[in-house]
Amino acid sequence: MQITAICLHPGMVLGAFQSGVCGRAFEAGVASLRCVNPRDFANDPHRSVDDRPYGGGPGMVLRPEPLLAAVRAARADAPASAPVIFLTPQGKRLTQKRARGLSAASGMILVAGRYEGFDERAVELEADEELSLGDFVLSGGELAACVVIDAVVRLLPGALGDERSAEQDSFSSGLLDFPQYTRPPIVEGRAAPEVLLGGDHGKVRAWRLKQALGRTWMRRPELLEDRRLNDQERRLLAEFQAEAGGAACRARSEAGAEH
């Protein structure tokens, strides 16, 4: 997969992948990453890429000419099917489902903003889609680009040591992940669940599914609204609810209030 980040601070993006899962994936050739700086396409002696907004107001806006030139240069060197994705507050929320969809592409071009954002004409002319990480503000789009890159690259074949890790991640099945435990079996009086120590893989799978359903029901109930539960899932969720009792109901109410 060929990934291009268009940004004013390439070091922030390239430096984020010097190690870790994605760093190893890039080193192994699972994917490639390069940055294109709009300043390289500015025509004035100062290589300026921003200007005051029409209509007044604070801050500066990224000028369309150098940005458009950078995007088009990136398109020329990218696979034909690679989408150009502008990282904007008004974009659709990045989800695990969208990350998986992007991982099936041969490439992607991420456009990171700065200052007060992009001249809207650049978005209208070149954006295939817009993505947002959530309802908060960052100082620049470089960090957002890093998040998208990490979310996508770890899903590529060969990126993880065990491909099952991605399959069991939170949100991959539409549920939160089940709780995880490791050695020792008892920590400050708290024991790991006995079912995980017994070696019965069928019981382990059922327990993990029950916990994933229950945790989602308590903490992110909206994720269950559009999910069609099968007979086993309905039974396991009912068991979880009965076992958890009032404490679970209170936690679920609090989670619902937050959303």
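Student: Is Tyr181 buried, exposed or partly exposed?
Tutor: Tyr181 is partly exposed, because its relative accessible area is 45%; the buried class needs under 20%, and the exposed class over 50%. Keep in mind that this is a predicted model.

Student: And what about Trp207, buried or exposed?
Tutor: Trp207 is buried, with a relative accessible area of 14%.

Student: How many aromatic pairs are there?
Tutor: The count comes to 3 aromatic pairs. One of them joins Phe17 and Phe26.

Student: Why is the Phe17 and Phe26 pair edge-to-face?
Tutor: Their planes sit at 80°, and over 60 degrees counts as edge-to-face. The ring centres are 5.7 Å apart.

Student: Are those two buried or exposed?
Tutor: Phe17 and Phe26 are both buried.

Student: Back to Tyr181 and Trp207. Why is that pair tilted?
Tutor: The planes of Tyr181 and Trp207 are at 55°, so the pair falls between the stacked limit of 30 degrees and the edge-to-face limit of 60. Their ring centres lie 6.5 Å apart.

Student: Where do Tyr181 and Trp207 lie?
Tutor: Tyr181 is in the loop between helix H7 (164-167) and strand S8 (186-187). Trp207 is in helix H9 (residues 201-219). So the pair ties together parts that are 26 residues apart in sequence.

Student: New topic. Which residues have the most contacts inside the largest nonpolar core?
Tutor: Phe26, Met108 and Ile149. That core has 32 residues.

Student: Which element gives the most to this core?
Tutor: H6, with 8 residues. Elements that each supply at least two residues include strand S1 (2-6), helix H2 (20-28) and helix H6 (141-153).

Student: What does Met108 touch?
Tutor: Leaving out residues up to four places away in sequence, its contacts include Met1, Ile3, Leu102, Val148, Ile149 and Val152.

Student: What other core lies apart from it?
Tutor: Another core, of 19 residues, lies apart from the largest one. Among its members are Ala74, Ala78, Val84 and Val123.

Student: Why do nonpolar side chains end up together?
Tutor: In soluble globular proteins, nonpolar side chains tend to be buried together.

Student: Okay, Ser103. Buried or exposed?
Tutor: Ser103 counts as buried, at 14% relative accessibility. Ser103 lies in helix H4 (residues 96-103). Setting aside residues up to four places away in sequence, Ser103 touches Met1, Val152, Leu155 and Leu156.

Student: Which residues other than glycine have a positive phi?
Tutor: Tyr115 is one of them, with phi near 60°. Glu188 is another one, at about 50°.

Student: Where are they?
Tutor: Tyr115 is in the loop between S6 and helix H5 (120-126). Glu188 is in the loop between S8 and strand S9 (190-191).

Student: Are they buried or exposed?
Tutor: Tyr115 is partly exposed, at 38% relative accessibility. Glu188 is exposed, with a relative accessible area of 80%.

Student: Last one, the whole chain. How many helices and strands?
Tutor: The protein chain has 11 helices and 9 strands. Buried residues make up 41% of its 259 residues.

Student: And how many charged side chains, positive and negative?
Tutor: There are 32 positive and 35 negative ones. The centres of the two sets lie 5 Å apart.

Key: Residues are numbered from 1 along each chain as its sequence is written. This is a predicted model: local features need pLDDT of at least 70, side-chain atom pairs count only at pLDDT 80 or more; totals for chains, interfaces and linings use all residues. Side-chain values use heavy atoms; hydrogens and water are left out. Rings of Phe, Tyr and Trp (its six-membered ring) pair if their centres lie within 6.5 Å; planes under 30 degrees apart count as stacked, over 60 as edge-to-face and the rest as tilted. Buried means under 20% relative accessible area, exposed over 50%, partly exposed in between (1.4 Å probe, protein chains only). Helices (H or I, at least four residues) and strands (E, at least two) are DSSP runs, numbered from the N terminus. Lys and Arg count as positive and Asp and Glu as negative; His and the chain ends are not counted. The place of a charge is taken as NZ of Lys, CZ of Arg, CG of Asp or CD of Glu. Contact means heavy atoms within 4.5 Å. A nonpolar core is a set of buried Ala, Val, Leu, Ile, Met, Phe, Trp, Tyr and Cys residues joined through side-chain atoms within 4.5 Å.
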